[in-house]
Amino acid sequence: MQSAVRVQMDAMTKPNGRAGACEVLTAPIVILVGHFGSGKSEIAINLALGFAARGDDVSLVDLDVVKPYFRCRAAREEVEAKGIHLIVPDGDRFYADLPIIVPEVKGVLTRSLGAHGRVIVDAGGDDTGARALGSLMDAIDPERSEMLFVVNTRRPFAEDQAALVAMLRDIETAARRRVTGLVANTHLIEETTPEVVREGFAAALTLAATTGIPVRFCAVLKRMVGALTGTDVPILSIERYLLPPEAPGMTGRRRRFAGV
Amino acid sequence: MAKKLMKGCEAIGEAAIHAGCRLFFGYPITPQNEIPEYMSARLPQVGGMFVQAESEVAASNMLYGASGAGCRVFTSSSSPGISLMMEGVSYMAGAELPVVIVNIMRGGPGLGGILPSQSDYFQATKGGGHGDYRVLVLAPSTVQEAADLVIDAFDLADKYRNPVMVVGDGLIGQMMEPVEFKKTIKPEELAEKPWATTGCAGRERNVINSLYLDPEQLEKHNWDLYAKYQSMAAEVRHEDYNTEGGCDVLIVAYGTVARIAKTAIDQAREKGLKIGLFRPITLYPYPAEALAKAALGAKAVLVAELSTGQMVEDVRAIVAGRRPVAFHGRVGGMVMGPDDLVAEAEKLVAVPA
């Protein structure tokens with residue numbers, strides 16, 4: 001029984017025999033920031049599920065006040081099935097794109113989390129999305145948290161180093177906190193090739209050299225995990241949860257929370 | 001150029017720039033805010049101009065002015081905002097002004113919600129504003145197609161001197177897919193518009209107007225417009241999918257629903273049921289001839305829409321009782337799954353007990 005759990009855990013946290021992102025992130029609070037559409041929500045869901053698979057007590061804060069669809073809350077059924085506590089506006093405001101921060105967010109960020117408590121915060125994109133975060137920063141102890149900047153260099157306005165640095169600094173200003181780590185997440189969804197993954201990882205390393213902020217891990221679609229060779233960067237193997245409605249698994253069961 | 005990962009809204013905005021458009025006038029509304037947001041960032045980089053108007057009514061009249069002056073111009077909105085623009089659209093149709101309008105549809109009526117919908121089909125294809133007019137309507141079902149059709153929309157608008165609408169349900173605007181831009185038109189390469197009000201030194205003055213007080217003249221104007229709309233039939237476009245050799249059930253769907261239908265086709269194949277898809281790409285003019293042909297190759301037709309039944313009226317008129325036409329619709333932001341379409345198709349071919 002124990003070993004079966006261990007094997008399952010390793011599959012999630014040690015893709016391809018490499019260190020997994022959940023192993024290297026030791027701070028109880030992980031905040032995801034980045035360009036609009038850089039992949040924060042999908043990474044937040046995968047991290048939350050990864051920590052939950054390790055037996056952690058995970059809260060996932062959907063702080064996306066920017067985009068109206070494809071937010072963390074769209075994966076409500078999947079994350080709640082794993083015992084993850086999703087913090088999101090309730091009632092019909094669940095579906096709104098209003099700048100709502102429920103009181104529970106501050107509560108979960110300030111209270112003692114215990115040895116296995118984890119909080120994942122998914123901020124909205126750009127400095128606009130990070131502004132909501134800035135209003136909470138006084139409550140977030142820098143010693144207990146990491147703020148990760150997600151980079152997908154195939155996204156508009158994120159193609160060159162100058163744009164990445166400018167956005168990183170704008171987000172830091174809006175969030176009132178320094179970024180502590182980078183996440184390489186360059187992909188083209190279904191059209192991702194190993195070259196795209198490697199190109200994105202190289203761009204993240206350049207950004208790390210420019211800013212002095214380390215690359216904490218590389219997020220890679222599950223089927224592309226083998227693409228990164230010659231580096232021991234930790235990997236987050238990405239399973240997609242924020243799917244369009246034609247995805248084969250999108251049955252009536254999922255419709256309601258699919259953000260669609 | 002390397003492929004980019006773009007939201008439908010961003011690809012639509014970038015496509016307008018690739019079409020040589022340098023002017024955007026609009027007003028924000030979910031779920032298409034990424035279009036004005038994108039244009040406000042990009043247009044200044046390429047020497048263009050973005051204006052956030054005080055309302056959609058104002059924006060549509062800015063379009064009228066810019067188009068009358070011979071410029072490529074575009075706007076985007078979502079359902080309630082498009083309703084506000086309808087006065088301007090009618091005036092532009094009357095004054096024969098080329099303009100591109102994108103509607104990323106959300107649930108209505110009234111304020112409705114912010115989730116995806118296709119319930120503006122009537123508004124888009126039957127005129128929408130007052131008077132006897134039509135606009136050419138294009139309906140993409142992928143992000144790449146949204147980009148391609150927006151570029152085409154500008155050419156079609158100029159060709160017919162008429163507003164062209166590109167309609168997508170909210171998901172088409174919000175989903176992300178890889179995109180490339182194959183064609184770039186520079187504004188200075190665009191053909192002269194001899195009818196535009198560009199200053200009349202050395203020539204007869206041009207007038208942009210939709211007011212015709214003389215009934216004979218207004219009647220003639222209406223029939224001229226009618227003839228123009230009839231001539232747009234040359235632009236019909238559609239996609240046949242899995243229809244070769246006929247099928248048990250033909251699904252007729254556009255936009256996101258057509259994507260769902262393609263998954264349903266795969267799932268039905270495993271059950272030994274052959275579903276085909278007829279996907280209109282032009283919603284006006286409707287690809288009627290091609291639909292009739294595809295429908296006659298099927299035992300039954302299933303129209304699926306994110307509405308309580310709008311396109312189905314056109315499909316029924318075209319099929320004209322030659323095949324049974326059933327309807328499956330979800331509204332309010334609820335979206336059918338591929339499994340729902342398979343179940344509906346199975347009902348149509350079930351042998352009564």
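Across all its chains, this predicted model holds 36 salt bridges. The general idea behind them is simple: side chains of opposite charge can pair when their charged atoms come close.

Now let us move to the place where the two chains meet. How many salt bridges does the rule find across the interface of chain B and chain A? There are four salt bridges across this interface. You can find a salt bridge between the side chains of E246(A) and R259(B), with an N to O distance of 2.6 Å. Polar contacts also cross from chain to chain: eleven residue pairs are found in such contact across the interface of chain B and chain A, with both residues at pLDDT 80 or more.

Which parts of chain B supply this side of the contact? At least two residues each come from β1 (4-7), α2 (34-42), α7 (170-174), β8 (176-179), α9 (255-270) and α12 (338-349) of chain B. The largest share, five residues, is that of α9(B). Sorted by class, the side of chain B that touches chain A has 18 nonpolar, nine polar and ten charged residues. Looking at both sides of the contact, 37 residues come from chain B and 31 residues from chain A. The area buried between chain B and chain A is about 2800 Å², and carbon and sulfur atoms give 62% of that area.

Next, take a look inside the protein. The count of cavities of 30 Å³ or more comes to three. The second largest cavity holds about 50 Å³ of space. Its lining is made of 13 residues, and the closest to its centre are D64(A), R73(A), P89(A), L98(A) and I100(A).

Finally, a few spots in the backbone deserve a visit. As a rule, most residues other than glycine have a negative phi, and most peptide bonds are trans. Where in chain B does a cis peptide bond join a threonine and a proline? T30(B) and P31(B) are joined in this way, with omega at about 10 degrees. P31(B) is found in the loop between β2 (23-26) and α2 of chain B. Another cis bond runs from Y284(B) to P285(B), with omega near -5 degrees. The loop that holds P285(B) lies between β12 (282-284) and α10 (288-296) of chain B. Over in chain A, I189(A) is not a glycine, yet its phi is positive, at about 50 degrees. Look for I189(A) in the loop between β6 (181-184) and α8 (194-211) of chain A.

How values were computed
Residues are numbered from 1 along each chain as its sequence is written. Chains are lettered from A and ligands numbered from 1 in the order in which they are written. This is a predicted model: local features need pLDDT of at least 70, side-chain atom pairs count only at pLDDT 80 or more; totals for chains, interfaces and linings use all residues. Side-chain values use heavy atoms; hydrogens and water are left out. On a 1 Å grid over the protein atoms alone, a cavity is a set of points where a 1.4 Å probe fits but cannot get out, and a pocket is an open set with protein on both sides within 12 Å along at least five of seven lines; lining residues have an atom within 4 Å of a point. Grid points are joined across faces, edges and corners, and a volume is the space filled by probe spheres set on the points. Contact means heavy atoms within 4.5 Å. Buried area is the accessible area (1.4 Å probe) that two parts lose on being put together, summed over both. A polar contact is a pair of N or O atoms within 3.5 Å; within protein, one must be able to donate a hydrogen and the other to accept it, and residues adjacent in sequence count only if both atoms are side-chain atoms. Helices (H or I, at least four residues) and strands (E, at least two) are DSSP runs, numbered from the N terminus. Ala, Val, Leu, Ile, Met, Phe, Trp, Tyr, Cys and Pro count as nonpolar, Asp, Glu, Lys and Arg as charged, and the others, Gly among them, as polar.
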